[in-house]
Amino acid sequence: MCRGNVTLMDGLADTIDEHAADARFSGVVHVDRGGDVIFAKAYGLADRAHVVPNDVDTQFAIASGTKGLTALVVVRLVEEGVLSLTTSARSLLGSDLPLVDDDVTIEHLLSHRSGIGDYLDEDEHDDINDYVMPIPVHRLTTPDSYLGVLDGHPAKFAAGTDFSYCNGGFVLLALLAERAARTPFDDLVRTHVCEPAGLRDTAFLRSDELPPRAASGYLAVDGLRTNVLHLPVRGSGDGGIYSTAADIHALWRSFFAGKIVSPTWVEEMVRSRSTSTGDSRRYGLGFWLEARSENVMLIGSDAGVSFHSSHDPHRALTRTVISNVSSGAWSVARHLDHVLSN
């Protein structure tokens, strides 16, 4: 499907098709402006064993793209008075996770400035396919079930003094949200984010019983080996939710329209708290920010999953690349950003 602003996107379909073919891309590319779809196309297979093609409405895992939804749940709970940015993790953890410093707050966790040790420290893993969970993945079905994974990691630095991307911090946020609201985390995501944003195809699916429209994740561009032994069988606050490109674009529209959290909190969540290594990106509360533009991003990378979605609020331009291959999205996403920035 290609329609809309032809002047802006003249030749977009041909250049994306060519690049996707060269990269042997498997997934979906989706571009819209002001809610009008300009380009949406699927490539490759959702199920290689049964030769099921991807479609534009295929549900894909989005890995750390989930962190944006987790942050929105937590901020909604802050708006409702259930939590505050200054709430300490310890006040809800009790005696659990004793290595989490008493000074760590909700705001520290949301901004990756908590300093807590990480169960999956991405600085220590060159190839995401090499990482294996330290406990059987079928046991990881709720935030509480991660306590054994999150425990035992010494702090990297004092809370609030530095930035270090931390997957475990967002699992901890999901756990804290559950305890504060006395509601399962997946229910909080559904009622606080998916329903107000109209996300009908976004949910925490089990990887060992995927529905027909969901894509399996593959470790390489060839072969039948999937990611089911590499990832928790059901996602949590740091990753693992499944969604469609259309839902992701609806999420951006609803977020910036103030339909999920108030406009004041939208501004607060996309306000830079830190600059990442190399100064190429900044970070707000649950969202990546480009260093030299107004673009706000959600990015996900995991075994069998790669996801990049960027929204330019000034131009109302949104582009998303989702792939069911570990590194499948990056080449196409870079090409798309280059084309659309000219």
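Axes are lines fitted to C-alpha atoms, for helices over the stretch in contact, and angles run from 0 to 180 degrees between N-to-C directions. The model is predicted: local features need pLDDT of at least 70, side-chain atom pairs count only at pLDDT 80 or more, and totals for chains, interfaces and linings use all residues. Residues are numbered from 1 along each chain as its sequence is written, and side-chain values use heavy atoms, with hydrogens and water left out.

**View 1. Packing of helices α3 and α7.** Helices (H or I, at least four residues) and strands (E, at least two) are DSSP runs, numbered from the N terminus. The axes of α3 (residues 66-79) and α7 (residues 167-181) are 10 Å apart and at an angle of about 35°. Their crossing is left-handed (the near helix is turned anticlockwise from the far one by less than a right angle; clockwise would be right-handed). Contact (heavy atoms within 4.5 Å) involves Lys67, Thr70, Ala71, Val73, Val74 and Leu77 of α3, and Asn167, Phe170, Leu173, Ala177 and Ala181 of α7. By class, eight residues of this contact are nonpolar, two polar and one charged. Here Ala, Val, Leu, Ile, Met, Phe, Trp, Tyr, Cys and Pro count as nonpolar, Asp, Glu, Lys and Arg as charged, and the others, Gly among them, as polar.

**View 2. The open sheet of eight strands.** The strand order is β2-β1-β12-β11-β10-β9-β8-β7, with antiparallel pairing (two strands pair if DSSP finds at least two bridges between them). At the edges, β2 (36-43) and β7 (274-275) each pair on one side only. Helix α11 (residues 328-341) lies across β1 (27-33), β10, β11 and β12 (317-323), and runs at about 160° to β12.

View 3. Seven bridges connect β10 (residues 296-302) to β11 (residues 305-312) in the antiparallel sense; Ile299 has His308 as its bridge partner, and Val296 has His311. The β10-β11 hairpin has two residues between the strands, and Gly304 in the turn has a positive phi of about 80°. Towards β12, β11 forms seven bridges, again antiparallel, with Val321 as the partner of His308. Four residues separate the strands in this second hairpin, where Ala316 has a positive phi near 55°. Eight of the eight residues of β11 are buried (under 20% relative accessible area; over 50% is exposed, and in between is partly exposed, with a 1.4 Å probe and protein chains only). Val305, Phe307, Ser309 and His311 cover one side, and Ser306, His308, Ser310 and Asp312 the other.

**View 4. Aromatic pairs.** The structure holds eleven aromatic pairs. Rings of Phe, Tyr and Trp (its six-membered ring) pair if their centres lie within 6.5 Å; planes under 30 degrees apart count as stacked, over 60 as edge-to-face and the rest as tilted. Phe163 and Tyr283 form a tilted pair, 6.0 Å centre to centre with 45° between the planes. Phe163 is in the loop between α6 (147-150) and α7, while Tyr283 is in β8 (residues 281-283), 120 residues apart. Phe163 is buried at 16% relative accessible area, and Tyr283 is buried at 1%. The pair of Trp252 and Phe287 is tilted because its ring centres lie 5.8 Å apart with the planes at 50°. Trp252 lies in α9 (residues 245-256) and Phe287 in the loop between β8 and β9 (288-290), so this pair ties together parts 35 residues apart in sequence. Both Trp252 and Phe287 are buried. Ring pairs also link Phe163, Tyr165, Tyr283 and Trp288 into a cluster.
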